[in-house]
Amino acid sequence: MEVRAKKSLGQHFLTDLAIAQRIAGSLEVLPETDTDVLEIGPGMGVLTQYLLQKPGIRLKMVEIDRESVDYLLVNFPQVNGSLIEADFLKLKLENFFDGRFCVIGNFPYNISSQIFFKILEYKELIPQVVCMIQKEVAERIAEKPGTKTYGILSVLLQAWYDIEYLFTVGEGAFNPPPKVKSAVIRLARNSRTELGCDEAMFKTIVKTGFNQRRKILRNSLKQLINEKASREGWSQEQVAEFVSDPVFDLRPERLGVEDFINLTNKISF
């Protein structure tokens with residue numbers, strides 16, 4: 001029995017066993033304690049087989065593809081009871097875990113960004129993520145300020161996670177081969193417990209700035225600045241003084257996480 005890769009699900013099945021073993025080995029767990037782990041999109045279980053052998057973990061899997069679910073239940077009967085047939089993006093993860101859990105998987109490339117946004121929603125419960133994604137996205141997430149690849153996900157994820165680019169994976173490791181290279185990264189929850197600013201406004205400022213990344217912040221954030229001026233009842237002279245801050249002369253890729261936190265506080269209050 002084979003599973004047919006479905007383009008609509010962004011499926012590219014990993015076939016290189018050495019790569020699968022290396023990904024499983026990149027998940028750092030303490031062997032003397034059991035760690036809950038969720039694998040996203042196990043497919044035909046190429047990575048799953050090594051996770052099942054890994055000491056110190058309690059494995060659950062979420063798979064949306066019925067054909068893959070049937071394959072896993074036949075070939076890995078031990079996963080019965082821990083395999084969730086569902087769309088990860090719609091899953092209420094707190095219903096399946098009593099506490100913290102790690103995430104691992106070969107993420108479907110067409111929804112990898114959505115998966116990361118969901119992980120951010122559960123950042124207090126997810127201390128570690130090991131995943132294979134499109135190389136370009138991996139580089140963007142791990143990038144530092146000042147480059148064209150640095151963007152929304154870079155800032156939002158780096159606010160809460162330390163990110164490590166582990167290794168690159170060629171197209172030939174998959175069936176069918178994707179048109180791009182892949183990469184494996186590890187996200188480890190940092191020590192930050194709060195941003196020190198309004199988190200919703202932080203996200204809005206980051207997204208608004210990068211959605212018009214060619215503009216300087218004075219122009220891309222104009223609506224938010226005008227809303228603050230209206231709240232405060234500022235004159236045009238006061239608005240001009242406010243936007244004279246040098247930060248508004250910069251494009252968003254020049255700002256690190258702390259810079260965006262400071263900018264959020266500046267606009268919020």
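Q: To what number does the count of aromatic pairs come?
A: The model is predicted. Rings of Phe, Tyr and Trp pair if their centres lie within 6.5 Å. By this rule the count of aromatic pairs comes to 6.

Q: Is the ring pair of Tyr-150 and Phe-210 stacked or edge-to-face?
A: A pair of aromatic rings is described by the distance of the centres and the angle of the planes. For Tyr-150 and Phe-210 the centres are 5.9 Å apart and the planes stand at 70°. Planes over 60 degrees apart count as edge-to-face, so the pair of Tyr-150 and Phe-210 is edge-to-face.

Q: How many residues apart in sequence are the parts that Tyr-150 and Phe-210 tie together?
A: Both Tyr-150 and Phe-210 are buried. Tyr-150 belongs to the loop between helix H5 (135–142) and helix H6 (152–158), whereas Phe-210 belongs to helix H7. The pair therefore ties together parts whose separation in sequence is 60 residues.

Q: Which residues do ring pairs link into a cluster with Tyr-150?
A: Phe-210 is a residue of H7 that takes part in the contact with H11, and Phe-260 is one of the H11 residues in that contact. Ring pairs link Tyr-150 into a cluster with Phe-210 and Phe-260.

Q: Are H7 and H11 roughly parallel or roughly perpendicular?
A: The axes of helix H7 (residues 199–211) and helix H11 (residues 257–268) come within 9 Å and cross at roughly 110°. Angles of 65 to 115 degrees count as roughly perpendicular. H7 and H11 are therefore roughly perpendicular.

Q: How many residues of the contact of H7 with H11 are nonpolar?
A: H7 contributes Met-201, Phe-202, Ile-205, Val-206 and Phe-210 to the contact. From H11 come Val-257, Phe-260, Ile-261, Leu-263, Thr-264, Ile-267 and Ser-268. Of these contact residues no charged ones are found and 2 are polar, while the nonpolar ones number 10.

Q: Which residue lies over the face of Trp-160?
A: The charged end of Lys-118 sits over the ring of Phe-88, 5.7 Å from the ring centre. Over the face of Trp-160, at 4.7 Å from the ring centre, lies Lys-123.

Q: Is the peptide bond from Asn-175 to Pro-176 cis or trans?
A: Pro-176 is placed in the loop between strand E8 (174–175) and strand E9 (182–189). The bond from Asn-175 to Pro-176 has omega near -10° and is cis.

Q: Is Ser-82 buried or exposed?
A: Ser-82 lies in the loop between helix H3 (66–75) and strand E4 (83–85). Not counting residues up to four places away in sequence, Ser-82 touches Leu-59, Lys-60 and Met-61. Its relative accessible area is 15%, and buried means under 20%, so Ser-82 is buried.

Q: How far apart in space are Thr-147 and Glu-253, C-alpha to C-alpha?
A: Thr-147, in the loop between H5 and H6, is partly exposed, with a relative accessible area of 27%. Not counting residues up to four places away in sequence, Thr-147 touches Arg-213 and Glu-253. Thr-147 and Glu-253 are 106 residues apart in sequence, and their C-alpha to C-alpha distance is 6.4 Å.

Q: What percentage of contacts between residues at least 6 apart in sequence join residues at least 24 apart?
A: The protein has 11 helices and 9 strands, and buried residues make up 51% of its 269 residues. Among contacts between residues at least 6 apart in sequence, the share joining residues at least 24 apart is 69%.

Key: Residues numbered from 1 in each chain as written. Predicted model: local features only at pLDDT ≥ 70, side-chain atom pairs only at ≥ 80, totals over all residues. Heavy atoms only, no water. Axes fitted to C-alpha atoms, helices over the stretch in contact; angles between N-to-C directions. Helix = DSSP H or I, 4+ residues; strand = E, 2+ residues; numbered from the N terminus. Parallel < 35°, antiparallel > 145°, perpendicular 65-115°, else oblique. Contact = heavy atoms within 4.5 Å. Nonpolar A, V, L, I, M, F, W, Y, C, P; charged D, E, K, R; others polar. Phe/Tyr/Trp six-rings, centres within 6.5 Å; stacked < 30°, edge-to-face > 60°. Buried < 20%, exposed > 50% of the residue type's maximum accessible area, 1.4 Å probe, protein only. Lys NZ or Arg CZ within 6 Å of the ring centre and 35° of its normal.
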